[in-house]
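Please open the structure in a viewer and keep the selection panel at hand. The stops below are meant to be taken in order.

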Amino acid sequence: ARSLLITRASKMANTGRMSLKRKFVQAGVFKAELDEFLRRELAEDGYSGVKVRSNERRTEIIISATKTQAVLGDQSRRIRELTSLIQKRTHSNKTIELFVEKMMARSLSATTQAESLRYKLTGGLPVRKACYSVLRFIMESGARGAEVVVSGKIKGQRAKSMKFADGLMLHSGDPINYYIDRAVRHVRLPQGILGIRVKIMLNHDPTGATGPRKPLPDVVSILGAKEEVAPTAPYSVDKAQ
């Protein structure tokens, strides 16, 4: 009987852990589906990302875009349509609310620059010229480094990859989780599909407006010397006490 109770208790504990795991997996899948849907729906409006805040009663979805008025639509009609579509897709009893915030530093958003490069290539601009223009725009806006990779049938029937980089770019370690912004897009051209990958390394910003607040681990800051008051007369210090 004792072993049966222990087995039941362990099963209940495993069920509780699985339910918590299932909750996190469900939240991750919902955000991934939402990002894919908004990326296709708001591609022409400068969509650059989404944040999801959820509690027991409602779910707040904050959309970052460069053209906020286009996302809202005439008399907020478009944002209401998006809210209705997301509400029907989730099948949840929670109230879903959509908010739009303006992306101030659009030049430091990898998603925005990948979409810009995609439209340039769709318009017929040469790959090298389009990539260098995007790279120059990113670096002139104060980025620490940038990297643009285009792969596919760029010229001719043989596929190849072209990489354009400038500045400093980290590829490993913990800082890539908060210093590197990356985005991947695909362009359908008559000769085939081109893949676009844009990576931007942000600068350290103590305010958190245009970069992470956390400094890089290899940055050493040297403090200034403390001001010392010069003695006006000789004095002695008793070391015995």
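Which residues of helix 4 are buried? The model shown here is a predicted one. Select helix 4, residues 110-122, and colour Ala110, Thr111, Thr112, Gln113, Ala114, Glu115, Leu117 and Leu121; these are its buried residues.

Next, check the length of this helix. After helix 4, move on to Gly124, whose phi is positive, near 100°.

Return to Leu117 and display its surroundings. With neighbours within four places in sequence left aside, Leu117 is in contact with Ala130, Cys131, Val134, Val148, Val150 and Ile196. Leu117, Leu121 and Val150 have the most contacts inside the largest nonpolar core, a set of 27 residues. To see what builds this core, select helix 4, helix 5 (127-140), strand 4 (145-152), strand 5 (160-167), strand 6 (180-189) and strand 7 (192-201), each of which supplies at least two residues. Helix 5 gives the most, with six residues. Apart from this core lies another, of 14 residues; select Leu34, Val71, Ile79 and Leu82, which are among them.

Three strands form an open sheet in the order 1-2-3, with mixed pairing. Its edge strands are strand 1 (47-54) and strand 3 (95-102), each of which pairs on one side only. From one strand to the next, the twist averages 20°.

In which sense do strand 2 and strand 3 pair? Select strand 2 (residues 58-65) together with strand 3: the two pair in the parallel sense, over eight bridges. In general, the strands of a sheet pair through backbone hydrogen bonds. Within this pair, zoom in on Ser64, which stands opposite Glu101 in strand 3.

The last stop is Ala105, in the loop between strand 3 and helix 4. Is Ala105 buried or exposed? Its relative accessibility is 19%; buried means under 20%, and Ala105 therefore counts as buried. Finally, draw a distance from Ala105 to Lys23: the two are 82 residues apart in sequence and 33 Å apart in space, C-alpha to C-alpha.

Conventions: Residues numbered from 1 in each chain as written. Predicted model: local features only at pLDDT ≥ 70, side-chain atom pairs only at ≥ 80, totals over all residues. Heavy atoms only, no water. Helix = DSSP H or I, 4+ residues; strand = E, 2+ residues; numbered from the N terminus. Expected span 1.5 Å × (residues − 1). Buried < 20%, exposed > 50% of the residue type's maximum accessible area, 1.4 Å probe, protein only. Pairing = 2+ DSSP bridges. Axes fitted to C-alpha atoms, helices over the stretch in contact; angles between N-to-C directions. Core = buried A, V, L, I, M, F, W, Y, C linked by side-chain atoms within 4.5 Å. Contact = heavy atoms within 4.5 Å.
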